[in-house]
Amino acid sequence: MKQLLDFLPLVIFFAVYKLFDIYVASGALIAATALQLIVTYALYKKIEKMHLVTFVMVTFFGTLTLIFHDDAFIKWKVTVVYALFAIALAVSQIINKPILKSMLGKEMVVEDKIWAHVTWYWVTFFLACGLINIYIAFSLSQETWVNFKVFGLTALTLLNTVVTVVYLFKNMPEEHKKELTKSNDD
């Protein structure tokens with residue numbers, strides 16, 4: 001259910017874009033992201049910082065897109081959000097409080113150096129996606145950018161999540177692997 005809520009604003013953005021245009025879709029994205037926060041809070045009594053940052057960025061860049069009737073703002077939103085995620089991960093690693101370890105460390109017990117590898121991998125991934133977004137957004141058609149944003153970035157993120165989980169699992173001590181697989185069998 002939680003993952004479905006994460007993709008809801010993206011699906012609504014895409015559908016509205018196909019039916020109308022980038023400006024109506026930007027407004028729908030703002031509304032859908034706000035709705036996502038409300039529903040998430042109603043169901044889980046908590047809002048993750050990542051969702052809050054995304055909402056603020058969507059609202060800021062979406063509003064600028066609507067006010068100035070310029071799609072460049074919504075296109076920049078993707079890169080800015082990815083840059084913020086990369087910075088947050090990098091800073092958390094530098095100050096020795098890795099965000100990914102704090103989020104997943106209870107389920108995926110691995111050495112700190114493995115968490116560092118994963119953190120820097122995701123920093124690199126987010127920076128690369130941000131740069132690729134700039135290229136596609138401002139060198140190719142709006143239609144190509146929307147498809148890349150919705151399908152390309154989503155697929156890349158899912159693929160990188162799978163790669164990360166496999167890497168973490170591969171580097172877990174055997175007793176933790178057995179615990180994890182046993183709890184999943186129950």
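**Labels and their cut-offs**

Guide: L29 sits in helix α2. Helices here are DSSP runs (H or I, at least four residues; strands are E, at least two), numbered from the N terminus. This is a predicted model, where local features need pLDDT of at least 70, side-chain atom pairs count only at pLDDT 80 or more, and totals for chains, interfaces and linings use all residues. Residues are numbered from 1 along each chain as its sequence is written, and side-chain values use heavy atoms, with hydrogens and water left out.

Visitor: Why is L29 called buried?

Guide: Buried means under 20% relative accessible area, exposed means over 50%, and partly exposed lies in between (1.4 Å probe, protein chains only). L29 has 4% relative accessibility, so L29 counts as buried.

Visitor: Which residues does L29 contact, leaving aside neighbours within four places in sequence?

Guide: They are P9, F13, V58 and I74. Contact means heavy atoms within 4.5 Å.

Visitor: What makes N160 buried?

Guide: N160 is at 7% relative accessibility, so N160 counts as buried. N160 belongs to helix α7. Not counting residues up to four places away in sequence, N160 touches Y121, W122 and F125.

Visitor: What makes K18 and E143 a salt bridge?

Guide: A salt bridge needs a side-chain nitrogen of Lys or Arg within 4 Å of a carboxyl oxygen of Asp or Glu. The side chains of K18 and E143 meet at 2.2 Å, N to O, in a salt bridge. This pair links distant parts of the chain, with K18 in helix α1 and E143 in helix α7, 125 residues apart.

Visitor: Why are K18 and E143 called partly exposed?

Guide: K18 is at 40% relative accessibility, so K18 counts as partly exposed. E143 is at 35%, so E143 counts as partly exposed too.

Visitor: How many salt bridges are there in the structure?

Guide: The structure holds three. One of them joins D71 and K75, with the closest N and O atoms 3.2 Å apart. D71 is buried because its relative accessibility is 15%. K75 is buried because its relative accessibility is 6%. Another salt bridge joins K101 and D112, with the closest N and O atoms 2.5 Å apart. K101 lies in helix α5 and D112 in helix α6, so the pair ties together parts that are eleven residues apart in sequence.

Visitor: Are K101 and D112 buried or partly exposed?

Guide: K101 is at 32% relative accessibility, so K101 counts as partly exposed. D112 is at 49%, so D112 counts as partly exposed.

Visitor: Which residues of the largest nonpolar core touch the most other members?

Guide: Of its 42 residues, they are F13, I22, F126, W145 and V146. A nonpolar core is a set of buried Ala, Val, Leu, Ile, Met, Phe, Trp, Tyr and Cys residues joined through side-chain atoms within 4.5 Å. At least two residues of this core come from each of α1, α2, α3, α4, α6 and α7. The largest share, ten residues, comes from α6. Leaving aside neighbours within four places in sequence, W145 has contacts including F13, I22, I74 and K75.
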